Amino acid sequence: MVLVSHSAEVARAVAELARGLAGGAAGVPVAAAGGGPDGGLGTDAELVARAARGVDLGAGVAVLADLGSAVLTVKVLAEDGELPDGTRLVDAPFVEGAVAAVVTSAAGGGLDAVVAAASEAYGYRKV
């Protein structure tokens, strides 16, 4: 899983939260790809592509982006063939989706199950 955020700190924190709530998720490759090329806010296409290649174990890569240009960057990378085969942009809330995806992967779920779990996070009710 790759977590793409406009903020490096947000991407790292959500990755840490998801791993922690999944019991450490030692076998789940999760990469944070946040921030722009200069280290400030933004999205860095090369960082996203490198992160996706880094977590690719051949079963596909789930990519969750926070908003706007992060989503567009992932779409352009996919269209240009810059992401590993089987990479899927997941339509899910960033924090809840990441947690659901990592927990599902840690439990042995494949890419389809991971994507479904993340997407279902839109239905999580808090009250």
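Visitor: What makes the crossing of H2 and H3 right-handed or left-handed?

Guide: This is a predicted model. In it, H2 passes H3 in a right-handed crossing. A crossing is called right-handed if the near helix is turned clockwise from the far one by less than a right angle. The angle between helix H2 (residues 45-55) and helix H3 (residues 68-79) is about 65 degrees, and their axes lie 10 Å apart.

Visitor: How do you know which residues of H2 and H3 meet?

Guide: Contact means heavy atoms within 4.5 Å. On the H2 side, Ala 45, Val 48 and Ala 49 meet Thr 73, Val 74 and Leu 77 of H3. Of the residues in this contact, 5 are nonpolar, 1 is polar and none is charged.

Visitor: What makes S2 and S4 edge strands?

Guide: The open sheet has 4 strands in the order S2-S1-S3-S4, with parallel pairing. Strand S2 (31-34) and strand S4 (87-89) each pair on one side only, so they are the edge strands. Neighbouring strands are turned by 20 degrees against each other on average, direction ignored.

Visitor: Why do strand S1 and S3 count as a pair?

Guide: Pairing needs at least two bridges. Strand S1 (residues 2-5) and S3 are joined by 3 bridges, so they pair. The two run parallel. Val 2 stands opposite Val 63 in S3.

Visitor: What lines the largest pocket?

Guide: There are 18 lining residues. Met 1, Pro 29, Ala 59, Gly 60 and Ser 105 lie nearest the centre of the pocket. To be counted in the lining, a residue must have an atom within 4 Å of a pocket point. The space inside is about 270 Å³.

How values were computed
Residues are numbered from 1 along each chain as its sequence is written. This is a predicted model: local features need pLDDT of at least 70, side-chain atom pairs count only at pLDDT 80 or more; totals for chains, interfaces and linings use all residues. Side-chain values use heavy atoms; hydrogens and water are left out. On a 1 Å grid over the protein atoms alone, a cavity is a set of points where a 1.4 Å probe fits but cannot get out, and a pocket is an open set with protein on both sides within 12 Å along at least five of seven lines; lining residues have an atom within 4 Å of a point. Grid points are joined across faces, edges and corners, and a volume is the space filled by probe spheres set on the points. Axes are lines fitted to C-alpha atoms, for helices over the stretch in contact, and angles run from 0 to 180 degrees between N-to-C directions. Ala, Val, Leu, Ile, Met, Phe, Trp, Tyr, Cys and Pro count as nonpolar, Asp, Glu, Lys and Arg as charged, and the others, Gly among them, as polar.
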